[in-house]
Amino acid sequence: MTLRRITISVALISAALAAATFMMGTPVPTNGYGVSETEVSVLTPPKKSSAKTDTVVDKIVDPVIAHKEIETPTVSVVTAAIAAVPTETKPEEKYNKEPYDKTARVGKGDTMMEILVKAGVERKEAHNAITALSKVYSPRKIRPGQEVTLTFQPDSQGANPDRFDGMILVPDIEEEVRVRRKIEGGFSAKKISKPLIRKLSRGAGAIDSSLYLAAMDADVPQSVIVELIRAYSWDVDFQRDIQKNDAFEVMYERFYTEEGKLARTGDILFASLTLRGDRKPIYQHKTKNGLIDFFDDKGQSAKKALMRTPINGARLSSGYGKRRHPILGYTKMHKGVDFAAPRGTPIYAAGDGVIEFAGRKGGYGKYIRIRHTNSYSTAYAHQSRFAKKMYKGRRVKQGQVIGYVGTTGRSTGPHLHYEILHKGRQTNPLRVKMPSGRKLKGKEFARFKKTKAELEQTYASLPMEAVVARVQ
Ligand SMILES: [Zn+2]
């Protein structure tokens, strides 16, 4: 037996890492909690162990690829002697030399077929290999710059072209696709999830001007900050509720490759905002029915029927100390609240509902009003433009982008004017008690209390990643 080393090019890994990093920079999708259920189940099978208090690092190991070296049987020297007798040559015995690898790089517009043929694979063989590959990975998904490692087996007599034995693709940092020649002929393919090591990180700090900047200062990754702000957008008015000396805490997942490279960040498991001395913690909890959501310490879902900040809060600075924009509250003259934000900042539907008006409306400029249940409506004025297909009668989901901040109508600068109407009358959004969402009860609440205690203990056991202490 000899060991054949299959090298996975470093360039490829870094390309995949770059792709992964790019993905992580993408804003959280409209469901509000970034990571989908499937992703969680595939990548973090030992989810339950996240709640363990004695360990904070879980190693997810796929035993199949616990080693980077893959053993492949090579024909022994004795068989080589037999192979020298031409009449007795069996197809397998002609190929008894050391196999070798060839790396091909995907060029712009290349098809898998072109790559294989160019690398010296016979057309029919290439076709068979691609057919096998297609069962686990679409060959259309290959991207320029990606590498394909092909393995060949030389013919000992040099009578035939080198035999194509298979290939390896690494679509991203977390998975590998292998195609291999089968002894009985043809090819087989499999997709392997690479082991990732899960670590929990903790970030905390005082909020100086905005939660976004404070979290950046504490080295919290951007994708986590966006999720954090979203998680609180139901409850917190990010332009008016943040005051000097407010603070945040967050505990979230990071996934590393065996080589120690950061593959991606994961979920927020625990967070807390302290606003005017009032601490508001939230905990990620998976209910018995498999629903993953954030709940406050009383088991009340962090999601409400309506959002207090129906805008991408990462782009808002808090109201205090920001004198350039008049941040108006609700008065007799001004029956809404304003969010000063750069032109083009996405505006979200504050709750599920149906659009009852979308168009120009006097001083409001470009204006959308959504009807929700419980006789509430919400209105969004001065938009620069609407998102696609925003018309009367259209159903929208909470958190869906309906338009973008602008300054149309009677307005002095880019901002969102937001109104909450109850039974057709404007109400003060600063005062309105947001209709609440789901509340955990009975056995589920007991389960939640356990989750909560475990998360708190884990959080306390983690070292601080960065401390932001601002002395004024
Ligand atoms: Zn206004």
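Modeller: Phe152 stands opposite Phe164, a residue of strand 6. Phe152 is also the bridge partner, in strand 5, of Tyr100. Before going further, note that this is a predicted model: local features need pLDDT of at least 70, side-chain atom pairs count only at pLDDT 80 or more, and totals for chains, interfaces and linings use all residues. Residues are numbered from 1 along each chain as its sequence is written.

Strand 5 covers residues 147-153 and strand 6 covers residues 163-172; the two run antiparallel and are joined by 6 bridges. Strands here are DSSP runs of E with at least two residues, helices are runs of H or I with at least four residues, and both are numbered from the N terminus. Two strands count as paired if DSSP finds at least two bridges between them. Strand 4 and strand 5 are paired as well, again in the antiparallel sense, over 6 bridges. Strands of a sheet pair through backbone hydrogen bonds, either parallel or antiparallel.

These strands belong to an open sheet of 5 strands, in the order 4-5-6-7-8, with antiparallel pairing. At its edges are strand 4 (100-105) and strand 8 (187-193), each of which pairs on one side only. From one strand to the next, the twist averages 20°. For such angles, axes are lines fitted to C-alpha atoms, for helices over the stretch in contact, and the angles run from 0 to 180 degrees between N-to-C directions.

Strand 5 is mostly covered, with 5 of its 7 residues buried. A residue is buried if 20 or more other C-beta atoms lie within 10 Å of its own, exposed if 12 or fewer do, and partly exposed in between, the C-beta atoms being placed from the backbone. For the protein chain as a whole, 35% of the 472 residues count as buried.

At the other end of the strand order, strand 7 and strand 8 pair in the antiparallel sense over 7 bridges. Strand 7 and strand 8 form a hairpin with 5 residues between them. In its turn, Gly185 has a positive phi of about 105°.

Helix 6 (residues 123-134) lies across strand 6, strand 7 (175-181) and strand 8, and runs at about 40° to strand 8. At 1.5 Å a residue, the 12 residues of helix 6 should span 16 Å, and its end C-alpha atoms are 16 Å apart, which agrees. The expected span of a helix is 1.5 Å times one less than its number of residues.

Which residues of helix 6 are buried? They are Ala126, Ala129, Ile130 and Leu133. Seen down the axis of helix 6, these buried residues fall within an arc of 100°, so they line one face of the helix. The arc is that of the directions from the helix axis to the C-beta atoms. An α-helix has 3.6 residues a turn, so residues three or four places apart point the same way.

What do the buried residues of helix 6 pack against? Their packing partners are strand 6, strand 7 and strand 8, together with helix 5 (112-118). Two residues are in contact if their C-beta atoms, placed from the backbone, lie within 7 Å.

Of its 11 residues, 10 are buried, so helix 8 is largely enclosed by the rest of the structure. Among the buried residues of helix 8 are Val224, Ile225, Glu227, Arg230 and Tyr232.

The loop between helix 7 (211-217) and helix 8 holds Asp219. Although Asp219 is not a glycine, its phi is positive, about 65°. Asp219 counts as exposed because it has 12 C-beta neighbours inside 10 Å. Asn245, in the loop between helix 8 and strand 10 (247-256), also has a positive phi, near 75°. With 13 C-beta neighbours inside 10 Å, Asn245 counts as partly exposed. Most residues other than glycine have a negative phi, and most peptide bonds are trans.

To place the sheet in its setting, the protein chain has 9 helices and 23 strands. Among its contacts between residues at least 6 apart in sequence, 66% join residues at least 24 apart.
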